[in-house]
Amino acid sequence: MANVVLSVGYCLVAVLLFVLATLTLTWMLYSWREQGTIDAELSQRRVMRSGASTDQISFSLLVPARHEEHVLATTLERMAALHHRRYEVIVIVGHDDPQTAAVAEAAAARHPGLVRVVVDYNAVKNKPRALNAALPYCRGDVVGVFDAEDIVHPDLLPAVQQRLLEDRSAAVQAGVQLMNFWSSWYAARNVLEYYFWFRSRLHFQAACGFIPLGGNTVFVRRVLLELLGGWDADCLAEDCDLGVRLSSHGFTTSVVYDPAIVTREETPATLPAFIRQRTRWNQGFLQVLFKRDWHLLPRRRQRLLAVFTLCTPFLQAFAGVLLPVSLFTIACVSMPVGLALAAYLPILPAVLTLAVEHLALMEFGRLFGPRPTIRDHLRLAVSTPVFQAVLAYAAMRAVVRLARGHTGWEKTTHLGLHLEQQEVAV
Amino acid sequence: MTEAPPRHAAPGTRLVDTDVLERLAPELVASLPPARRELSPPVTLSVRARLALTEVFFRHRASLVWLVPVLVLAAVLHGWNMHHSPGPNDDEGTYVSQAWAFQEHGELSHYTYWYDHPPLGWLLLAAWNTVFAVLPRGASLLYAGRDAMLVVHLVSCVAMFTLARRMHVRRWAAALAVLLFTVSPLGLEWQRLTLLDNIGTPLLISGWALALTPRCRLVAYAGSGLLIGSSILVKETNALFLAPVTLQLWFAARGRNRSYALVLFAGAVLSVSGLYPLFAALKNELIPGPGHVSLLWAIQWQLFSRAPSGSPFQPGSGTRLAIEDWLNRDGLLLLTALVSVPLVAWRRPRLRPLALLVLILMAMPLRGGYLPAPYPINLVWPCALLAAGGADLRRSHVRRSRRQPAHWIITATAATLVTAVTGHALIRDRAYLVSDQDREYRQAQSWLLAHTKPSDVMLVDNTIWIDLIQQGYPRQNVIWFYKFDLDPAVQALHPGGWRAIDYVVESSIMGATAYTLPETSAAIEHGKLIAEFGDIHVYRVV
């Protein structure tokens, strides 16, 4: 009896892993699924690049900065030189952070009327509170959010404006790309994660009408933002929460991905920093899941996708751990052949996913440079199980922190590794 | 401070459904798209299915006009009298028995499975028997297998039409390809039989057709890989077809997702066909060793240890006789295909991999190695497709207007030719529609049921085996004659050797091979002939 229950459970787990891996692979390849979609994407990019900038929409770009004195100056200089006439940059600094404030004030002095500084006097410091502090001071039609270490492309705003006018959408998520796939053993995986998410998966989410936004290079119409009450001050993934609330209330979001104008960022510098970042995101996703805004979504398919997307970090983490465990049991435990065959099923999409990731790394090298070497490919292949273990650890850490009620913001430090690369290229 | 609730909206309402925007920001309302409306009333699955089906029929109406008459002809030609002609083939009995063993006992074979062929073919047959067997209880599973082969043939016809269209062959030529495939007497001789090659044919053709997806859809490439991999799991020799399909894919997958397409195809083929060695490895039967069968040994036996059929240039050799038989039955098709090879290679790039395949298939018997009897099954459909493709040579620089008399003369001539060829083939097919080739087996079976007891030990061929087992005779006593000499498990059950046998039912296949099997030939020698039905002799062993 116990044997039967175990066998059935084992089979079920194998089937679930298989389904999860296949769905992930399918959504990873969503943008490449047929020639028609690729052609449409390319023609859209051509239109965006050739469009004239008529400055119909005004932008307020928010840049929350905390202990970012190394990278803030460069970022603000770039943002002051965007190819758009009607926009303003609002830097938000904490009242307890004089170094960053000094850098911001210097930039504001260099670009009066364009760059302004808002001081956040909240006792608890986190990103959503900083953004909410600046929201009353925004004068533009559309509010955009950037991180302090971003490299923003000058032609980004015209492209976003064109999409807002064409689609008449409530929000636009533009592409963000991590650049430095060579700097650490997990960097290539991290970079490809972003690549597939912004290049492909986000389009699928937008088509389904449920899209968790990113915290960066995201633009929302100011009226709607105020209607929705701004960002959630206690949520650790305030960007995801905003996206979920926008989707749930029925507003459409467009996605813009053009490799030429993508915002460039860097991977977290050290492994503990990476784990802290993932823990924060995972905790935030759980918070959004439990807030149940997604209940407003009209169709069951959308609600299922909502739950699935918000649980994805956990599903993937545990899948990544369960797969090697099941392989181990096949090798060491004798079981009926049918069961062993079933347990092998999830490997097939996993191997295909790995092959697709290598192809994507080569494509990434062609699009953004430099070309990945054999060493990069080897690191990508070999790092898979360790990366999955790290993600699983971050997922568990998030659950533990949420259970204990630790909702403090663990900040990621930025060293500007990608900025050096940019300087060298220039 | 927690999040401020959205103003002006009651909890549980979506902002976009309220008039908040019109009141607060009227200038935005015009610029926001309307919220997605729900389809009301909700469209049920059956309605949607009906709509989708209607749409498919409407979109393909021009093709259906050509295809449906040929399908009707195929159904009648292959279905009429299919139970009784051609006569039972021992391999049919093998596969049907193995399907039965899986259905009834969950085993891969009615005897020890020794990896002679991957099991997917008879697993599919078992699925068919479970779901679709429309025969009354007790009717022979061999007949159920033949029913399945009719369905398989119709699916192959549709797949072949699709493949031809995707190879840029015009509709009339695609219908001609299916027609040649269906009426070929050589095809009809083999396509009615429950053989693995027949089961693999629709998988191969559909897989090839999917690989030529016009919109370069990744799902189609993955599906193509799955189907080709499955056809390899039906019969391992179908791996030969990987070469032309891969070649075709290499040149046809020109979309921007080309690298992903190739990876998905290769991954799917390898994953599916890799299940077979994986299965063997899990059962510890991959590598040869004492006391167990092994996959590698079986592959080595198939490739190297089979007796060669002789050179085709030597009169009287097995190969020569087989080729003469094929040419006798449908030499016109084979020769037309051979003639089409250079034509197509010169003018039709999309058909070149097919031409290469036909060349390879025609060259292989020339080696003089072992030639399996059902070889024509894999030969007829590529030849039919190539012949029709060769007939559809376009002279693109000459536009023939429909008003010119030359157009009508050529059309009339072509139609006459096709009608003549078809009529000639149909006349030769007539034999299959009227003759009764399994009467002897039915008579032998009813005699055995009347005159023997379940406790009698009998040596039979696989056709009578499945019939007797279905009537309730025990497996220990009814033995497939090969296994009496070759399977240690069977020998353990009957340690007395040929003396333990009560009856031997000798059919033509047993007579042809018994000289290699000492116990069987000893049983026949010591047996007294007590009944005779054509080629079938029943001996009582004393």
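Both Asp197(B) and Lys235(B) are buried (under 20% relative accessible area; exposed is over 50%, partly exposed in between, with a 1.4 Å probe and protein chains only). The two form a salt bridge, with their closest N and O atoms 3.2 Å apart. A salt bridge here is a side-chain nitrogen of Lys or Arg within 4 Å of a carboxyl oxygen of Asp or Glu. Asp197(B) lies in helix 10 (residues 196-211) of chain B, and Lys235(B) in the loop between helix 11 (218-234) and helix 12 (242-252), so the pair ties together parts that are 38 residues apart in sequence. Helices (H or I, at least four residues) are DSSP runs, numbered from the N terminus.

This is a predicted model: local features need pLDDT of at least 70, side-chain atom pairs count only at pLDDT 80 or more, and totals for chains, interfaces and linings use all residues. Residues are numbered from 1 along each chain as its sequence is written, chains are lettered from A and ligands numbered from 1 in the order written, and side-chain values use heavy atoms, without hydrogens and water.

Two other bridges each sit within one helix. Glu55(B) pairs with Arg59(B) at 3.1 Å, N to O. Both lie in helix 3 (residues 45-59) of chain B, 4 residues apart, about one turn. Arg329(B) pairs with Asp325(B) at 3.2 Å between the closest N and O atoms. Both belong to helix 15 (residues 318-347) of chain B, again 4 residues apart.

| Residue | Relative accessibility | Class |
|---|---|---|
| Glu55(B) | 44% | Glu55(B): partly exposed |
| Arg59(B) | 52% | Arg59(B): exposed |
| Arg329(B) | 25% | Arg329(B): partly exposed |
| Asp325(B) | 30% | Asp325(B): partly exposed |

Chain A has a network of salt bridges linking Asp232(A), Asp241(A), Arg245(A), Lys291(A) and Asp293(A). Over all chains, the structure holds 32 salt bridges.
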